[in-house]
Amino acid sequence: MNTNAEELAESIERKQTTGKEGSAVRMASVLIVDDEPGIRSFLQKGLRKYFGLVETAEDVATAEELRRHCHFDLIITDIRLPGQTGGVEWVKELRAQGGATGVIFMTAHADMETAIAALRAGAEDFILKPFRMEQMIAAVERYLVRQKMQRENFVLKRQVEQIYDSAGMVGKCQQMQSLCGVIKRVAPMPSTVLVEGESGTGKELAARAIHEMSGRSGSFVPVNCGAMTAELLESELFGHVKGAFTGAHLSRDGLFTYASGGTLFLDEIGEMPLSMQAHLLRALEERTIRPVGSNREVPVDVRIIAASNRDLEQEVRQGKFREDLYYRLNVLSLRIPALRERKEDIPLLVEHFVEILSAELGIAPPHLGESELVRLLDYDWPGNVRELKNVIERCLLLNKSPSLCLLGSEAVGSQATAFDPSKTMLLEAIEKQHILKVLDLEGGNKSAAARVLGISRKTLERKTQAWGVN
């Protein structure tokens, strides 16, 4: 190559992160490796409309120099290359190092043994020379569709494993109507959004609503920032390369990559370790990520929505949250009102949850009288909408009125219903009784009971083990 490493890195970064109008955009990238200049030029021209970055190399050494400075989503390589390392051997080395980049092989000397070796090396496709551009484009499109499906499947699997309220945003009070109006206005814009509110108010629902109305083609990827250590969270968000730490036997993409073109929802951002906040700030400002153990930057096109049930402004004053990250996240702030602040929505929410949960559980929806709704309106709902949904589900399972399925029947009545921390053990006892009842109804089948309860089997097993129940 006639370009030094620094110039090469700057050139690649500029081409990969800049769209036609000069705005920062994450585009797919392809590396073409062939010793014939005509083939390289032919493919480079034909694939430009499919990739934001198209780079070419004449041999493995040049290709490796490019890979050191750039992330490629796809490699198209000839099997026979000049030098000691051929295409198949090179791809085998990449796979042994933990690389997962897709590969399409080209060759003019095909036989069954070569084809089998290429497939065993991890080829996505195998094309014989000479070929028409339509053949290559078809192979590229097949790979891009498979890659998109793999990312979507990964995201869906994560969503199935997580517990979240998928009911949608329900409410007719003035606060909710105003909130929905703001969401509709800001959804199509790329700005970062900070969603604030108490636990259980539906912050993730608001984030999902923003994503659904944004028109973004990628997935909605949620992650709980308070559930992991700084090291684990860094790997989860940015990915890692093989050997980056003990147990990293293969390279792995992070959630930023899986959310490419979509939305990354950072829940409980206020609990993110301080050491990780600096890495996140850099990713937001540079629009690039660096996988753990890697020395190269990967550009990303991700919209960030963060949420917290803490007062982040106060956390900043106390030195528990970075001020610069707070201002970077707080481009637009949305506050989700607590359920006690919008009690006029309780009858509507009760009707909504009774309808969807009775259908899910296969239970006839009960009729709730006026007196029962009055009792529910009297309660302060410290757990907000999430608690209301759980109460309705509990009342359906136990065939009791909702007011009897709260923290205790004595919790409903007058203003003495305010949350009392001394009753947390009572809540745990009710949870245990409820879970064991469902488990008994399902004949001890933990998988079936977990589905009814809306929790993972692993969570159910952990709870039953803690209670000494086999």
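A salt bridge is a side-chain nitrogen of Lys or Arg within 4 Å of a carboxyl oxygen of Asp or Glu. Side chains of opposite charge can pair when their charged atoms come close.

The structure described here is a predicted model, in which local features need pLDDT of at least 70, side-chain atom pairs count only at pLDDT 80 or more, and totals for chains, interfaces and linings use all residues. Residues are numbered from 1 along each chain as its sequence is written, and side-chain values use heavy atoms, with hydrogens and water left out.

The model holds 20 salt bridges.

| Salt bridge | N to O distance |
|---|---|
| Arginine 146 and glutamate 124 | 3.1 Å |
| Arginine 322 and aspartate 324 | 2.7 Å |
| Glutamate 341 and arginine 335 | 2.8 Å |

In the salt bridge between arginine 146 and glutamate 124, arginine 146 belongs to helix α6 (residues 133-161), whereas glutamate 124 sits in the loop between α5 (112-120) and β5 (125-128), so the pair ties together parts that are 22 residues apart in sequence. Helices (H or I, at least four residues) and strands (E, at least two) are DSSP runs, numbered from the N terminus.

Accessibility is classed as buried (under 20% relative accessible area), exposed (over 50%) or partly exposed (in between), using a 1.4 Å probe and protein chains only. Arginine 146 is partly exposed at 29%, and glutamate 124 is partly exposed at 29%. Glutamate 341 is partly exposed, at 33%.
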